[in-house]
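Hello,

Here is the structure I promised to pass on. My notes on it follow below.

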Amino acid sequence: MSRILTMSRAGREALDWEMERRPEIFCLGEDVFKFGGIFGTMDGFGAKYGPERVISTPISETGFIGMAAGAAMAGMHPVVDLAYIDFIGVCYNVLLNCASKTHYMSGGAVKVPMTLLIGTGGGYNNAAQHSQCLHATVAHIPGAKVVYPSNAYDAKGMLHTALRDENFVIFLTHKGTAGVGWMGTPIKTTLAEVPEEPY
């Protein structure tokens, strides 16, 4: 039976599948517990997994991304929802000098299994601090793996892969391709047939 999903629903499915099977995965970010995150990737997770695995944070990107990097080094796998790439500047030191390099600086002794979900892109009149296209910035962080799917099929597969990686992965989504209601009608080419099983 074929299923056509949006990118946000495909990503949610991958994250849910991995969280059901791996207790070390937890989610954090602004508005993730009740709201499910700005792009719905964690929709319903607060009720399903509880406040110990789905943590809504204060508006302090430096704090919660720093906490996530430390948790990853201690053996957890945080999935961080940094809704807007515009705020990456305030936590750039953690990303550039801790999350992305610790594995290499420790000679492979310390792994940083952390997945950072980021919305990027403009074109929808959401002010200068919520509409920038800074994806090229993260593409140049040494040691970070960066993925940027363009359709729902790729989004699910890439998120499964990111969640199974032993080190830092930045998972970008252009806001216009996510397929969330507040953004209007999704771009048709981003919708795709998505298998239920992981891949």
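Two strands pair if DSSP finds at least two bridges between them. Helices (H or I, at least four residues) and strands (E, at least two) are DSSP runs, numbered from the N terminus. This is a predicted model: local features need pLDDT of at least 70, side-chain atom pairs need pLDDT 80 or more, and totals for chains, interfaces and linings use all residues. Residues count from 1 along each chain as its sequence is written, and side-chain values use heavy atoms, without hydrogens and water.

Start with strand 2 (residues 25-29). It pairs with strand 4 (residues 77-84) in the parallel sense, over five bridges. Leu28 stands opposite Val80 there. Strand 3 (residues 54-56) also pairs with strand 2 in the parallel sense, over three bridges. In strand 3, Leu28 has Ile55 as its bridge partner.

Five of the five residues in strand 2 are buried (under 20% relative accessible area; exposed is over 50%, partly exposed in between; 1.4 Å probe, protein chains only). Side chains in a regular strand alternate between the two faces of the sheet. Here both faces are covered: Ile25, Cys27 and Gly29 on one side, Phe26 and Leu28 on the other.

Now the aromatic rings. Rings of Phe, Tyr and Trp (its six-membered ring) pair if their centres lie within 6.5 Å; planes under 30 degrees apart count as stacked, over 60 as edge-to-face and the rest as tilted. The count comes to two aromatic pairs. Phe45 and Tyr49 are edge-to-face, at 5.5 Å centre to centre and 80° between the planes. Tyr153 and Tyr199 are stacked, because their planes lie at 15° with centres 4.5 Å apart.

Best wishes
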